[in-house]
Amino acid sequence: MSAWEQRKLGELADIVGGGTPDTNNEKYWGGDIDWYSPAELDSSIYVEKSLRRITDEGLLSCAARMLPANKTILFTSRAGIGNTAILRRSACTNQGFQSLVVQDGTDVYFIYSMSSKIKKWAEAKASGSTFLEISGRQLGTMQIAVPSSHEQRQIGQLFSRLDALITLHQRK
């Protein structure tokens, strides 16, 4: 077993904000690109289909970026900081997110398993006069203890199996 090392979250994942196309421009809406808002995240571990979709033109018109499937953890950054879900399909988000796109060599489920710790840290660091918010830059400074990539995968698989088992029992 190797020693765990302290790393900044920004070294393990690219932290990506979102954006919203002009809602009055019909050419931007009703396309094929999933576009998430924070209200869509519930207690589900994975998300596969958003309520609203935008067009390619809509994506190009705003600050939103396409986020890769199975490598991205959606992370709400305001008005309900720290709600999370793993993307099953490539998508984008509105500005209520600072999503974590895990880098190669980092296990997405290992990072997802730390969601409650990241949420607690983000809530403590958040600021704002109208509502609390955490920036991507701030989020990237959080220190996390991480093992080797191999151990991350093993831990991620263990938590994934446990979560699946818990979900199965909750359905009964």
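Me: What gives the most to the lining of the largest pocket, and with how many residues?

Reply: H6 gives the most, with eight residues. This is a predicted model, in which local features need pLDDT of at least 70 and side-chain atom pairs count only at pLDDT 80 or more, while totals for chains, interfaces and linings use all residues. Residues are numbered from 1 along each chain as its sequence is written, and side-chain values use heavy atoms, with hydrogens and water left out. Helix H6 covers 149-171 and helix H3 covers 108-112; each of them supplies at least two residues of the lining of the largest pocket.

Me: How many residues line the largest pocket, and which of them lie nearest its centre?

Reply: The lining holds 15 residues, and Ser43, Ser44, Ile45, Asp163 and Thr167 lie nearest the centre of the largest pocket. On a 1 Å grid over the protein atoms alone, a pocket is an open set of points where a 1.4 Å probe fits, with protein on both sides within 12 Å along at least five of seven lines; a lining residue has an atom within 4 Å of a point. The largest pocket has a volume of about 370 Å³, that is, the space filled by probe spheres set on the points, which are joined across faces, edges and corners.

Me: What makes the protein as compact as a globular protein of that length?

Reply: Six helices and ten strands make up the secondary structure of the protein, counted as DSSP runs (helices H or I, at least four residues; strands E, at least two). The radius of gyration is 16 Å, close to the 16 Å from the globule rule for 172 residues, so the protein is as compact as a globular protein of that length. That radius is taken over C-alpha atoms, and the rule is 2.2 Å times the number of residues to the power 0.38. Along its principal axes the C-alpha trace spans about 55 × 40 × 30 Å.

Me: How do you know that the side chains of Asp34 and Arg89 meet in a salt bridge?

Reply: A salt bridge requires a side-chain nitrogen of Lys or Arg within 4 Å of a carboxyl oxygen of Asp or Glu. For Asp34 and Arg89 the N to O distance is 2.6 Å, and the side chains meet in a salt bridge. Asp34 lies in strand S3 (residues 29-36) and Arg89 in the loop between strand S7 (84-87) and strand S8 (92-93), so the pair ties together parts that are 55 residues apart in sequence.

Me: What joins Glu5, Arg7 and Glu11 into one network?

Reply: Salt bridges that share partners join these three residues. Arg7 meets Glu5 at 3.7 Å, N to O, and Arg7 meets Glu11 at 3.1 Å, N to O. Arg7, at 25% relative accessibility, counts as partly exposed, as do Glu5 at 43% and Glu11 at 37%. The count by this rule comes to six salt bridges.

Me: In which sense do strand S1 and S10 pair, and over how many bridges?

Reply: S1 (residues 5-8) and S10 pair in the antiparallel sense over four bridges, and two strands pair if DSSP finds at least two bridges between them. Gln6 has Ala145 as its bridge partner in S10.

How values were computed
Buried means under 20% relative accessible area, exposed over 50%, partly exposed in between (1.4 Å probe, protein chains only).
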